[in-house]
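Good morning, and thank you for the time. I would like to go through one model with you, beginning with the pairing of its strands. Please take a look at the structure.

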Amino acid sequence: MAEKRVFTLSQVAGHKSKKDCWLVINGRVLNVTSFLDDHPGGEEVLLEVAGKDATKEFIDIGHSNAAQNLLAKYQVGVLQGYTIKEEGGTDGAPVEEPKKKEMSAFVVKGGQTPKYAAFLEFFVPLLVAGSYFSYRYLSNAAQMV
Ligand code: HEM
């Protein structure tokens with residue numbers, strides 16, 4: 001990532017019009033002027049927080065990872081006092097780690113199938129097949145009597 005310029009909040013506050021709209025999210029100074037028309041949430045919400053730190057508003061909406069990844073595209077600098085990590089958030093206000101998807105029944109760690117899952121995979125079909133053949137055997141035996 002190219003070196004970023006450092007801005008103070010009062011410098012950012014000088015860019016709050018539709019033709020020149022900046023805001024701060026997680027310590028990143030963003031120029032969202034070209035994004036106003038494209039923002040799925042509409043331009044009004046962005047203009048309301050133009051020139052300000054909109055971190056809280058951005059997080060409160062529960063923006064997707066895709067939206068969070070877009071931040072870097074509009075970044076023109078960092079807010080004074082923040083250092084931006086290459087990926088994700090900032091030292092000052094880290095972006096919440098995306099929650100790892102876990103199956104409710106089996107928690108798969110490190111790509112390894114847990115032992116009891118392997119046990120079930122083996123014994124459940126065996127049990128079903130066993131029940132079926134027992135049923136067949138018993139119903140045939142019953143017919144012979
Ligand atoms: C550069 C900054 C921003 C980007 C890149 C961005 C991006 C997006 C994207 C991609 C969506 C679609 C839904 C999703 O993927 O989460 C969205 C929806 C939305 N955004 Fe933003 N957004 C930004 C800033 C903001 C800010 C500062 C606010 C509030 C002040 C806001 C309010 C909303 C709202 C209200 C929606 C609609 C949510 C819905 O319909 O459920 N966004 N935004």
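This is a predicted model: local features need pLDDT of at least 70, side-chain atom pairs count only at pLDDT 80 or more; totals for chains, interfaces and linings use all residues.

E1 and E5 pair in the parallel sense, over 3 bridges; two strands count as paired if DSSP finds at least two bridges between them. Within this pair, Val6 has Val78 in E5 as its bridge partner. Strands here are DSSP runs of type E with at least two residues, helices are runs of H or I with at least four residues, and both are numbered from the N terminus.

Residues are numbered from 1 along each chain as its sequence is written.

On the other pairings, E4 and E5 are antiparallel, with 3 bridges. Val29 stands opposite Gly77 in E5, and Arg28 stands opposite Val78 in E5. E3 and E4 are also paired in the antiparallel sense, here over 4 bridges, and Leu23 has Leu30 in E4 as its bridge partner. These two strands, E3 and E4, form a hairpin with 2 residues between them, and Asn26 in the turn has a positive phi of about 50°. Finally, E2 and E3 run antiparallel and are joined by 2 bridges, with Lys16 opposite Cys21 in E3.

Taken together, the 5 strands form an open sheet of mixed pairing, in the order E1-E5-E4-E3-E2. Its edge strands are E1 (5–7) and E2 (16–17), each of which pairs on one side only.

The protein has 5 helices and 5 strands, and from the N terminus the elements follow the order β-α-β-β-β-α-α-α-β-α. Helix H4 lies across E3, E4 and E5, and runs at about 75° to E4; axes are lines fitted to C-alpha atoms, for helices over the stretch in contact, and angles run from 0 to 180 degrees between N-to-C directions.

Which residues have the most contacts inside the largest nonpolar core? They are Trp22, Leu23, Val24, Ile25, Val29 and Leu30, in a core of 16 residues. Strands E3 (20–25), E4 (28–31) and E5 (75–79) are the elements that give two or more residues to this core, and E3 gives the most, with 5. Such a core is a set of buried Ala, Val, Leu, Ile, Met, Phe, Trp, Tyr and Cys residues joined through C-beta atoms within 7 Å. A residue is buried if 20 or more other C-beta atoms lie within 10 Å of its own, exposed if 12 or fewer, and partly exposed in between, with C-beta atoms placed from the backbone. Of the 145 residues of the protein, 17% count as buried.

Ile25 touches Leu30, Ala54, Thr55, Phe58 and Leu71, leaving aside residues up to four places away in sequence; contact requires C-beta atoms, placed from the backbone, within 7 Å.

I turn lastly to the ligand. It is surrounded by 21 residues, the closest being Pro40, Gly41, Glu57, Ser64 and Ala67; a residue is near if its C-beta atom, placed from the backbone, lies within 6 Å. Helices H2 (43–48), H3 (55–61) and H4 (65–74) each supply at least two residues of this shell, and H4 has the largest share, 5 residues.

Methods. Two residues are in contact if their C-beta atoms, placed from the backbone, lie within 7 Å.
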